[in-house]
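Student: Please take a close look at a single part of this model. I would like the contacts around that part in one connected account.

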Amino acid sequence: MNAPRPDPVADLTLISASDETHLTRAIDVARLSRANGNHPFGAILVTGDGTIIEGQNSVVTAGDPTGHAETNLVRLASARLSKDELRASTLYTSTEPCVMCSGAIYWAGIGRVAYALPERMLGEMVPEQDGEPTLDLPCREVFARGGNAVVVAGPALIDEAADVHAGFWDAAP
């Protein structure tokens with residue numbers, strides 16, 4: 001029998017004022033993604049020296065179901081940064097990374113993730129997409145299966161992050 005999963009909303013670990021600033025930007029990037037005709041997700045990566053790289057969702061405009069904000073960001077960051085720089089970076093995302101994005105983050109070697117909206121709450125907003133139920137697997141569980149530690153902080157700014165999704169999934173492309 002599986003152990004009960006912790007309530008992600010009760011786990012606000014390791015969120016600082018600086019984290020909230022960067023999460024606010026990730027939520028703003030999610031708004032841009034939505035305004036550009038894509039799903040409302042955004043992510044930014046902040047390196048140890050303060051360099052910022054942003055990634056928007058491109059699922060609709062690129063016709064690519066893997067065009068999530070986090071995977072797009074991982075592709076950009078991996079092309080520009082060394083493994084050591086990625087390990088010292090934090091990826092901030094408007095919504096908890098899905099299992100696919102968590103895998104990309106893990107394989108890129110990014111050392112820390114901070115997220116706003118928990119995937120369980122997103123799942124309540126989007127019970128299915130294109131006739132398929134959403135995956136219900138928190139990023140902490142994905143990262144826990146790997147050999148490299150990925151520190152996870154969040155959720156935080158839940159109301160702000162949820163607001164970006166308001167009304168979108170009722171008429172999603």
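Tutor: Start with exposure: buried means under 20% relative accessible area, exposed means over 50%, and partly exposed lies in between (1.4 Å probe, protein chains only). The model is predicted, so local features need pLDDT of at least 70 and side-chain atom pairs count only at pLDDT 80 or more, while totals for chains, interfaces and linings use all residues. Residues are numbered from 1 along each chain as its sequence is written, and side-chain values use heavy atoms, with hydrogens and water left out.

The part is helix α1, residues 17-35. Helices here are DSSP runs of H or I with at least four residues, strands are runs of E with at least two, and both are numbered from the N terminus.

Take the charged side chains. Side chains of opposite charge can pair when their charged atoms come close. The cut-off for a salt bridge is a side-chain nitrogen of Lys or Arg within 4 Å of a carboxyl oxygen of Asp or Glu. The whole structure holds 3 salt bridges.

One joins aspartate 19 to arginine 112, at 2.8 Å from N to O. Aspartate 19 sits in α1 and arginine 112 in strand β4 (residues 112-117), so this pair ties together parts 93 residues apart in sequence. Aspartate 19 has 4% relative accessibility and so counts as buried. Arginine 112 is buried as well, at 17%.

Another salt bridge runs from arginine 25 to glutamate 54, at 2.7 Å from N to O. Arginine 25 is in α1 and glutamate 54 in strand β2 (residues 52-56), so distant parts of the chain are linked, 29 residues apart. Arginine 25 is partly exposed at 30%. Glutamate 54 is partly exposed too, at 34%.

The salt bridge between aspartate 28 and arginine 31 has an N to O distance of 3.0 Å. Both residues belong to α1, and they lie 3 residues apart, about one turn of the helix. Aspartate 28 counts as partly exposed at 29%. Arginine 31 does too, at 37%.

Now the sheet beside the helix. Strands of a sheet pair through backbone hydrogen bonds, either parallel or antiparallel. Two strands count as paired if DSSP finds at least two bridges between them. The sheet is open, has 5 strands in the order β2-β1-β3-β4-β7, and its pairing is mixed. Strands β2 and β7 are the edges, each pairing on one side only. Neighbouring strands are turned by 20° against each other on average, direction ignored. For angles, axes are lines fitted to C-alpha atoms, for helices over the stretch in contact, and values run from 0 to 180 degrees between N-to-C directions.

Within the sheet, β1 (residues 42-46) and β3 (residues 90-95) pair in the antiparallel sense over 4 bridges. Valine 46 faces threonine 90 of β3 across this pairing.

How does α1 sit on these strands? Contact means heavy atoms within 4.5 Å. Helix α1 lies across β1, β2, β3 and β4, at about 140° to β1. Helix α3 (residues 69-80) lies across β1, β2 and β3, and runs at about 145° to β2.

Helix α1 also has a helical partner. Helices α1 and α8 pack at an angle of about 5°, with axes 9 Å apart. That makes α1 roughly parallel to α8; the classes are roughly parallel under 35 degrees, roughly antiparallel over 145, roughly perpendicular from 65 to 115, and oblique for the rest. From α1 the contact uses Ile27, Ala30, Arg31 and Arg34, and from α8 it uses Glu160, Ala161, Asp163, Val164 and His165.

Follow the chain back from α8. The loop between β7 (151-153) and α8 (158-165) contains proline 155. The peptide bond from glycine 154 to this proline is cis, with omega near 5°. Leucine 157 lies in the loop between β7 and α8 too. Its phi is near 50°, a positive value in a residue other than glycine. At 17% relative accessibility, leucine 157 is buried.
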